[in-house]
Every structure is written in structure tokens, then in C-alpha cells.
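Subject: Structure for your files

Hello,

Here is the structure I said I would pass on. My notes on it follow below.

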Amino acid sequence: MKNGSFFPGRGTLVEETFLEGKAEGQRQSILRLLEMRGIPVSDSQRARINGCTDPQTLDHWLERAFSATRAEELFRGEPAAGQEDGR
């Protein structure tokens, strides 16, 4: 008997739960890495990180967290929170 899950890419509840768990892990990793490196994170920066659900953006921020000297460097070249163009 085949498993009826059409994971990935079908928007199933299983997939959505998996992706949310992955995003949560990425958010925690970004914040932990910055903390371990002694880089302060403001409340608004923390809220922006914790509010992000896009895996590609989180991957990008995680990569930047390894070399950033300030938390705002994670967001370099991106619209400020609340200034997204609505796409």
C-alpha cells in the first residue's frame, strides 16, 4: 500500500507543519548564533526575524549571521519591515 501523502509541494497539512517547524528552527538558529557572537538584537529586529516564514529569506539571514558584525546587516538590501512592496 502506498502512502497517500503528496509531500512536498502540495500544500498538505503535513507539509505545512513540517515547513513551519523548519522555519522555527531557522529563526532560533539565527538568534542563537547572533547571541553567541555577542551581537545585540533589538526588539524590532527580533520581531522581524520571528515573523518571517519564508525559508529562502531565513536561509539568507542565517548565512549572513555567520559574518555580520551588527544585526541590521542581516537585512541589508531588503525593504525595512513594514515597507514591503506587497508582493
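What percentage of the 87 residues in the protein chain is buried? The share is 26%. Please keep in mind that this is a predicted model.

Overall layout. The protein chain has three helices and zero strands, in the order α-α-α along the sequence. Of the contacts with a separation of 6 or more, 56% join residues 24 or more positions apart. The accessible surface is about 6300 Å², and carbon and sulfur atoms account for 54% of that.

Core. The largest nonpolar core has 16 residues. Those that touch the most other members are Ile30, Leu34, Ile49, Leu58, Trp61 and Leu74. Both α1 (13-36) and α3 (55-65) supply at least two residues of this core, and α1 gives the most, with five. Ile30 touches Ile49, Leu58, Trp61, Leu62 and Leu74, leaving aside residues up to four places away in sequence.

Helix α3. The buried residues here are Leu58, Trp61, Arg64 and Ala65. They lie on the same side of α3, because the arc they cover around the axis is only 125°. Gln56 and Glu63, on the other side of α3, are exposed.

Salt bridges. A search of the whole structure gives three.

- Glu24 pairs with Arg27, with 2.8 Å between the closest N and O atoms. The two are three residues apart in helix α1, so about one helical turn separates them. Arg27 counts as buried because its relative accessibility is 3%, under the 20% cut-off. Glu24, at 30%, counts as partly exposed.

- Arg32 pairs with Glu35, and their closest N and O atoms are 3.1 Å apart. These two are also three residues apart in helix α1, again about one helical turn. Arg32 is partly exposed at 44% relative accessibility, whereas Glu35 has a relative accessible area of 54% and is therefore exposed, the cut-off being over 50%.

- Glu72 pairs with Arg70, with the closest N and O atoms 2.7 Å apart. Both residues are partly exposed: Glu72 has a relative accessible area of 38%, and Arg70 has a relative accessibility of 47%.

Regards

Notes: Residues numbered from 1 in each chain as written. Predicted model: local features only at pLDDT ≥ 70, side-chain atom pairs only at ≥ 80, totals over all residues. Heavy atoms only, no water. Core = buried A, V, L, I, M, F, W, Y, C linked by side-chain atoms within 4.5 Å. Buried < 20%, exposed > 50% of the residue type's maximum accessible area, 1.4 Å probe, protein only. Helix = DSSP H or I, 4+ residues; strand = E, 2+ residues; numbered from the N terminus. Contact = heavy atoms within 4.5 Å. Areas by Shrake-Rupley, 256 points an atom, 1.4 Å probe, with all protein chains shown as cover. Arc of directions from axis to C-beta. Salt bridge = Lys/Arg side-chain N within 4 Å of Asp/Glu carboxyl O.
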